[in-house]
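Trainee: I am new to this one. Can we walk through it step by step?
Mentor: Gladly; have a look first.

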Amino acid sequence: MRRLSLVGRVVVLAATVAIVVVLIVAGALVAIISLRHAQVRESRAKDVTTATLRVENIAFDLESSLRGYTLTGSPRFLVLFGDARKAMPAALRHLETLVRDDREQLRRAQATNGFLHDYVTDYAVPVINIRRFSPSIARSSVASDEDKRRARDIRGTLGKILAVEQTRSAARAAHARNLARTAIIVGVIALALSAAIVLLFGAWVARAVAAPVRRTSEAAAQVAAGDFDVRVEERGAGEVGALVGAFNSMTRALEHGRQELIEQNERLRESEEHKRDLISMVSHEIRTPLASVCGFTSLLLEREFERDEERRYLEIIDQQARRLAGIAGDFLDVQLLEGGGLKLDRAPFDLVELTREQAHLFFSHSSHALELEVPDTPLVVNGDRDRIAQVIGNLLSNAIKYSPAGAEVRVLLELEDGGARLSVVDEGMGISADDHGRVFEKFYRGSDAASAIGGTGLGLAVAREIVTSHGGEIGVESETSRGSTFTVRLPVDF
Ligand SMILES: Nc1ncnc2c1ncn2[C@@H]1O[C@H](COP(=O)(O)OP(=O)(O)O)[C@@H](O)[C@H]1O
Ligand SMILES: [Mg+2]
């Protein structure tokens, strides 16, 4: 089943509470109306009782005044009798009207009416008339069975009416009491139920809405304080759960963004450092050869020297000028690399011959011991001879620069898997494992030991660019203080 949204749940709960309240009110109304009804019927029964007692009184007045007159002959009793006789029809009518909806009671009321009328017309009035002539006959007749029978008949029906009304009234009172009790019980239960529903709803709101919202706001405060690692437990009803989820994605995105900024900043800082190093390195690299060139030229211009000495100075000037040109060339090359403008002037050439040539160029003036192992037959490569010469020259100058005077440098060239492999192996200071990947980056210069030795950090970057442009690859294997092996692989296309 699909989980209801938060709004949906609130609506369902509110509707339930509303229905319960409506039911309670409706139940209370029904109970009140029933109670009212029961009360009306109870009071009707009381009215009937009163009316019956009134008739009974009249009957008693009739009997007692008749008996008083026959015994004493006093006209006072005749007045009493007359009053009772006059009041009789109204009292009887009133009783009949009250019980007109009840056939049995109406029949009894009518019977009473008949008995009373008969009593007055057929018995009491003749007895009064007789009393005038013969008091003794009248007295004996009042004491007769006839008198007792009529009185019993009247009392009997009236008693019946009373008894019936009394039982009814008692039953109605009991019914009303029951109804009231039931109404109270139902009302209390319904109230307790709605209170429980409201309480449960409150508890649910606290757990499913308030708690996650509070957790999220606390986490938001942490985020505001700069802690992007906070995550809120993804629990909560409908939209609240979605809010928590969205909050977590937001902090993840923020954290990611911050991490990127930190990395970017770090890169910027590094490049700024590189730039600073570069400037100091360039000024340092240029100053030394420039000082030699200037110093020796002024010396030669100021004084006359022996031919040999003059030549020695000129050689130094030439060497240092070349060094300057080399540095300038490196920078030019780097600019070319950055602009992607390295153009190769390809033509077939013999790599064996080029390797020999470069080795002699670099080792003729060096104290290092060269061991050259090259094939006897030519190894023809289709490429830019000058650029490949630059690569070999770079590797050889590094091998000489980063190993102690007199150490051995091996240069090996061989054919391998249809390609040429050139290795330059030295026994120098080596490169720490951390630096292996970075020595080919431009301007990167190795450990402190390497920094103590002059250089631009451009040679290997240029070399890698040249080799990869030829479809080849360049790599290094090295161990600190044990020496390094730089290997270049070039495809042989013929
Ligand atoms: N044969 C080697 N032995 C030890 N370290 C080397 C060798 N060749 C290169 N390196 C390291 O690689 C770095 C980059 O070399 P390179 O690009 O030629 O620049 P440079 O020689 O001007 O410093 C050097 O600074 C050095 O730390
Ligand atoms: Mg170098």
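**Domains, ligand and charge pairs**

Mentor: The C-alpha centres of domain 2 and domain 3 lie 24 Å apart. This is a predicted model, where local features need pLDDT of at least 70 and side-chain atom pairs count only at pLDDT 80 or more, while totals for chains, interfaces and linings use all residues. Residues are numbered from 1 along each chain as its sequence is written, chains are lettered from A and ligands numbered from 1 in the order in which they are written, and side-chain values use heavy atoms, leaving out hydrogens and water.

Trainee: Which residues does domain 3 span?
Mentor: Domain bounds come from an automatic or database domain assignment. That assignment gives domain 1 as 6-274 and domain 2 as 279-338. Domain 3 takes 347-491.

Trainee: Which residue forms a salt bridge with Asp333?
Mentor: A salt bridge needs a side-chain nitrogen of Lys or Arg within 4 Å of a carboxyl oxygen of Asp or Glu. Across the interface of domain 2 and domain 3 the rule finds one. Its closest N and O atoms are 3.2 Å apart, and the partner of Asp333 is Arg387.

Trainee: Which element gives the largest share of the side of domain 2 that touches domain 3?
Mentor: Helices (H or I, at least four residues) are DSSP runs, numbered from the N terminus. Two of them give two or more residues to that side: helix 6 (238-302) and helix 7 (307-338). The largest share, eight residues, comes from helix 7.

Trainee: How far is an oxygen atom of ligand 1 from a polar backbone atom of Leu460?
Mentor: Ligand 1 is surrounded by 19 residues (a heavy atom within 4 Å). Leu460 is among the closest. The distance from its polar backbone atom to the ligand oxygen is 2.8 Å.

Trainee: Why are Arg149 and Glu146 separated by about one helical turn?
Mentor: These two form a salt bridge, the closest N and O atoms being 3.5 Å apart. Both sit in helix 5 (residues 145-224). They are about one turn apart because their spacing along that helix is three residues.

Technical notes:
Polar contact = N/O pair within 3.5 Å; in protein donor to acceptor, adjacent residues only side chain to side chain.
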